[in-house]
Amino acid sequence: MKWVNPFADVVLYVLYFIELLVIIWVVVSWIVFFAAQSSFRWRNRGLYNVLAQINDLLTRMAYPFIRPFRRILPPHKMGGIDWSPLLLLLTIFLIRRLILVATGR
């Protein structure tokens, strides 16, 4: 069973990367949303465009992981609040705990 620990390490690193990606995506999307609602968008067009491009890149990277959870909890049926990132992070936490318990760490 020596091969299980390296495999578990790789899975844990991938889960950590996805978790970090989703958290950064959520924060950047909030910044872009509030910047679009204020005068920041017009006063700092260059910075806003860079933020919008970063948000687009992060959305493209995070959406494949978010999509299954959006099917379960669509934002338009939850009062406009998108709970799918939180549900994804909770699922990652549970999977990580299961792996750690199964490998005896």
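**View 1. Aspartate 82 is partly exposed, with 26% relative accessible area.** Residues under 20% relative accessible area are called buried, those over 50% exposed, and those in between partly exposed (1.4 Å probe, protein chains only). The model shown is predicted: local features need pLDDT of at least 70, side-chain atom pairs count only at pLDDT 80 or more, and totals for chains, interfaces and linings use all residues. Residues are numbered from 1 along each chain as its sequence is written, and side-chain values use heavy atoms, with hydrogens and water left out. Aspartate 82 makes a salt bridge with arginine 70, with 2.6 Å between the closest N and O atoms. Because aspartate 82 sits in the loop between H3 and H4 and arginine 70 in helix H3, the pair ties together parts 12 residues apart in sequence. A salt bridge here is a side-chain nitrogen of Lys or Arg within 4 Å of a carboxyl oxygen of Asp or Glu. Arginine 70 is partly exposed, at 22%.

**View 2. Glutamate 19 and arginine 96 form a salt bridge.** The closest N and O atoms of this pair are 2.1 Å apart. Glutamate 19 belongs to helix H1 (residues 4-37) and arginine 96 to helix H4, so the pair ties together parts that are 77 residues apart in sequence. Helices are DSSP runs (H or I, at least four residues), numbered from the N terminus. Arginine 96 has 22% relative accessibility and counts as partly exposed. The whole structure contains 3 salt bridges.

**View 3. Aspartate 56 and arginine 60 pair within helix H3 (residues 45-72).** Their side chains meet in a salt bridge of 3.2 Å, N to O. The two residues are 4 residues apart, a separation of about one helical turn. Aspartate 56 is partly exposed at 37%, whereas arginine 60 is exposed at 62%.

**View 4. Helix H3 is kinked at tyrosine 63.** The kink is about 55° and lies shortly before proline 64. The bend at a residue is the angle between axes fitted to the seven residues ending there and the seven starting there. The buried residues of H3 include Tyr48, Leu51, Asn55 and Leu58, as well as Ala62, Ile66 and Phe69. These buried residues pack against H1, H2 and H4.

**View 5. Serine 84 in helix H4 is buried.** Its relative accessible area is 0%. Leaving aside neighbours within four places in sequence, serine 84 is in contact (heavy atoms within 4.5 Å) with Ile66, Phe69 and Arg70.

**View 6. Met78, Ile81, Trp83 and Leu86 form a nonpolar surface patch.** Together they have about 370 Å² of accessible area, a quantity from the Shrake-Rupley method with a 1.4 Å probe, where for residues only the protein chains shown count as cover. Patches are made of residues with over 30% relative accessible area and no salt bridge; like charges are joined within 9 Å, and nonpolar side chains (Val, Leu, Ile, Met, Phe, Trp, Tyr) within 5 Å. Isoleucine 81 is in the loop between H3 and H4 and is partly exposed at 44%.

**View 7. Serine 38 lies in the loop between H1 and H2.** Serine 38 is partly exposed, at 35%. From serine 38 to tryptophan 83 the separation is 45 residues in sequence and 25 Å in space, C-alpha to C-alpha.

View 8. The pLDDT (the predictor's confidence in each residue, from 0 to 100) averages 89 over the protein, and 99% of the residues score at least 70.
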